[in-house]
Amino acid sequence: MACFETDLPDRHAVPRPAAEPVLAVEGLSHSFGNRTVLDDVSFGIPAGRFAVLLGLNGAGKTTLFSLITRIYNTRRGSIRVFGFDMRQHPTQALARIGVVFQQPTLDPDLTVLQNLRYHGGLHGLAPAVIEERAAEELARIGLSERADERVRTLSGGQRRRVEIARALLHQPSLLLLDEPTVGLDIELRRQVLDHVHDLCRERGLAVLWATHLIDEARQGDGVVVLHRGRVLAEGLVDAVCVAAGAATLGQAFARLTEAKGTQKGTRE
Ligand SMILES: Nc1ncnc2c1ncn2[C@@H]1O[C@H](COP(=O)(O)OP(=O)(O)OP(=O)(O)O)[C@@H](O)[C@H]1O
């Protein structure tokens, strides 16, 4: 057994081969009944990479997230997080993932800090560690002074940032965000995007950001184009454009998907 597949409880003591991406998805398929919604999906995300999972409504993004977070069991193909196979070492793999789901999951009647404490407790963090990290994350998102206020008093953008802070409390290597800007105005979208890009740069976090909004992919980001359950392209935005013979990602997306069906549902 390779050293990175061990079950040692101390996650910081487990070395990872340099070549191993933080998230490695290989040959992943999933069906509901006889309907295949993910078909032989493969891609990888290295440390420090902001990768956009770009697809129309119904492309399979949420199903993919449900497999990566083990809400659904993987039956065909494999998912490795930081070298840990999701089927063989789910505890180690899941401990390295932070998630912001499509639907908000903060308790609006608890304070900001109480929400963070609850999450930290679920991850087995010591109370003193939770207080320290919560203070650090809240300072980072400029919400220290709102720590003792109920979540329902925050704006949509502030709540999203608290959800991201909560997802980072246990110091994951991989952050998954499923359509995190739904319901936010243009300025708040930009702020949330900037914030997560900063996290990639400063902490070496690998990010998978699911969206149907093409303009949420920036130059220098990675992109995985998912269409009707299949990966049509994967790589840095520029490389995907060049390979598709397109000047913009919007054009590339149109070219890649036009033979496969309608583009309804995406916006530039
Ligand atoms: N529990 C389920 N049972 C049956 N079909 C499902 C189930 N969940 C999703 N599907 C189907 O799987 C396909 C992919 O759905 P999924 O929610 O993963 O797509 P998505 O890219 O996340 O879409 P959206 O952007 O609308 O959230 C869709 O055709 C959907 O109807």
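The model is predicted. An unreviewed UniProt entry annotates residues 23-253 as "domain: ABC transporter". That span is 36% helix and 27% strand. Its end C-alpha atoms lie 23 Å apart.

**The core.** The largest nonpolar core holds 69 residues. Ala51, Leu54, Val81, Trp209, Val223 and Val225 touch the most other members. Take Leu54. Beyond its neighbours within four places in sequence, Leu54 contacts Thr211, Ile214, Ala217, Val223, Val224, Val225, Leu226 and Phe253.

**The ligand shell.** Which residues surround the ligand? They are Phe32, Val37, Gly55, Asn57, Gly58, Ala59, Gly60, Lys61, Thr62, Thr63 and His212. Three of the shell residues are nonpolar, seven are polar and one is charged. Helix α1 (residues 61-68) gives the most to this shell, with three residues.

Most residues other than glycine have a negative phi. Asp40 has a positive one, and so does Glu179. Asp40 is found in strand β2 (residues 35-45). Glu179 sits in the loop between β7 (174-178) and α6 (186-203).

| Residue | Phi | C-beta neighbours inside 10 Å |
|---|---|---|
| Asp40 | near 55 degrees | 14 |
| Glu179 | about 45 degrees | 21 |

Is Glu179 buried or exposed? Glu179 counts as buried because it has 21 C-beta neighbours inside 10 Å, and 20 or more are needed. Asp40 has 14, so Asp40 counts as partly exposed.

Terms used:
Residues are numbered from 1 along each chain as its sequence is written. This is a predicted model: local features need pLDDT of at least 70, side-chain atom pairs count only at pLDDT 80 or more; totals for chains, interfaces and linings use all residues. A nonpolar core is a set of buried Ala, Val, Leu, Ile, Met, Phe, Trp, Tyr and Cys residues joined through C-beta atoms within 7 Å. A residue is buried if 20 or more other C-beta atoms lie within 10 Å of its own, exposed if 12 or fewer, and partly exposed in between; C-beta atoms are placed from the backbone. Two residues are in contact if their C-beta atoms, placed from the backbone, lie within 7 Å. A residue is near a molecule or strand if its C-beta atom, placed from the backbone, lies within 6 Å of it. Helices (H or I, at least four residues) and strands (E, at least two) are DSSP runs, numbered from the N terminus. Ala, Val, Leu, Ile, Met, Phe, Trp, Tyr, Cys and Pro count as nonpolar, Asp, Glu, Lys and Arg as charged, and the others, Gly among them, as polar. UniProt positions are given in the numbering used here, feature names are shortened, and annotations may be inferred rather than shown by experiment.
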